[in-house]
Amino acid sequence: MENVPYRILSPFIKRVDKKIWNFGEKKLAEAINKQPHLMYYFVDINSLYSSIEIQPAWIEYIKKSSAIILGWIYYEMVDYLQKRNPNVPGIPNKLYPAQERQDISKAKKYWKAVVRKASAEGNPVIDIYGNIPLEPEKIVIDHFIPWSYLAHDELWNLNPTIQTINSSKGNNLPDWNRYVDALCKQKYGAYQIRNNNQVI
């Protein structure tokens, strides 16, 4: 409230002393109100209860350009958050998550075929968490890095496990040093089966 209502108008303010930004809010509003062609003008200054009057020409512009304006706001918000949270992935998807989760039935079909073929060849796919052979009809699909963290269902992050292990893992991040090598080995083995047998 100290800056945004005033500073957002700065691109439209010309030939004004930069010292105005150091004024108190009432004096600042008075100085801004003297400028021509602004989007809005201040009617009353009372902190959170301040009021503005949007100019008719701008109202029409905002109505016609609402999609562009909202897109710009969304882009700037994502940019702001990513710069301040560089280690947090998937910020856009977390701000506006999909209304429906992606269907991962194809991933399950893929892994069932891989597990079935690997078992038939005597080289079963091993669950990376429980270190047990997987059976095609008992597998469920796990997000190695939880969906709530990445907010996507890409195949590289989906691996087969069993229901009890998947339930106990929940939304927790796996121990990277303990499980990532097993995950990579599992993925590479599945790729070889897929490449050699065209299982899907």
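This is a predicted model: local features need pLDDT of at least 70, side-chain atom pairs count only at pLDDT 80 or more; totals for chains, interfaces and linings use all residues.

Biologist: Which secondary structure elements does the chain hold, and in what order do they run from the N terminus?

Modeller: The chain has nine helices and four strands. Starting at the N terminus, their order is α-α-β-β-α-α-α-α-β-α-β-α-α.

Biologist: How does the radius of gyration of the chain stand against that of a compact globule of 200 residues?

Modeller: Such a globule would come to near 16 Å, whereas this chain has 28 Å. The box filled by the C-alpha atoms, taken along the principal axes, is roughly 85 × 35 × 25 Å. Of the 200 residues, 30% are buried. Among contacts with a separation of 6 or more, 50% are between residues 24 or more positions apart.

Biologist: Which residues have the most contacts inside the largest nonpolar core?

Modeller: They are Y6, L9, W21, I32 and F42, in a core of 14 residues. Two elements, α2 (25–33) and β1 (40–44), each give two or more residues to this core. The largest share, four residues, is that of α2. Another core lies apart from this one; it has 13 residues, including W111, A118, V125 and I193.

Biologist: What is Y6 in contact with, leaving aside its neighbours within four places in sequence?

Modeller: The partners of Y6 are M1, W21, E25, L28, A29, I32, F42 and I45. Y6 also belongs to a cluster with Y40 and F42, linked by ring pairs.

Biologist: How should I read the strands, and how many bridges join β1 to β2?

Modeller: In a regular strand, side chains alternate between the two faces of the sheet. Here β1 and β2 (residues 51–54) run antiparallel and are joined by four bridges. Within this pairing, F42 stands opposite I52 of β2. The two strands form a hairpin with six residues between them, and S47 in the turn has a positive phi of about 50 degrees.

Biologist: How is an aromatic pair described, and how many does the structure hold?

Modeller: The distance of the centres and the angle of the planes describe a pair of aromatic rings. The structure holds seven such pairs. One of them, formed by F12 and W58, is edge-to-face, with 5.3 Å centre to centre and 75 degrees between the planes. Because F12 is in the loop between α1 (4–7) and α2 while W58 is in helix α3 (residues 56–64), this pair ties together parts 46 residues apart in sequence. F12 is partly exposed, at a relative accessible area of 30%, while W58 is buried, at 19%.

Biologist: Where does the charged end of K27 sit?

Modeller: The charged end of K27 is placed over the ring of F23, 4.5 Å from the ring's centre.

Biologist: Finally, what should I look for in the backbone angle phi?

Modeller: Most residues other than glycine have a negative phi. H37, which is not a glycine, has a positive phi of about 65 degrees. H37 is placed in the loop between α2 and β1. N131, likewise not a glycine, has a positive phi of about 55 degrees. The loop that holds N131 is between α6 (105–120) and β3 (139–143).

Biologist: Are H37 and N131 buried or exposed?

Modeller: H37 counts as exposed because its relative accessibility is 70%. N131 is exposed too, with a relative accessible area of 61%.

Conventions: Residues are numbered from 1 along each chain as its sequence is written. Side-chain values use heavy atoms; hydrogens and water are left out. A nonpolar core is a set of buried Ala, Val, Leu, Ile, Met, Phe, Trp, Tyr and Cys residues joined through side-chain atoms within 4.5 Å. Buried means under 20% relative accessible area, exposed over 50%, partly exposed in between (1.4 Å probe, protein chains only). Contact means heavy atoms within 4.5 Å. Two strands pair if DSSP finds at least two bridges between them. Rings of Phe, Tyr and Trp (its six-membered ring) pair if their centres lie within 6.5 Å; planes under 30 degrees apart count as stacked, over 60 as edge-to-face and the rest as tilted. A charge sits over a ring if NZ of Lys or CZ of Arg is within 6 Å of the ring centre and within 35 degrees of the ring normal. The radius of gyration is taken over C-alpha atoms; the globule rule is 2.2 Å times the number of residues to the power 0.38.
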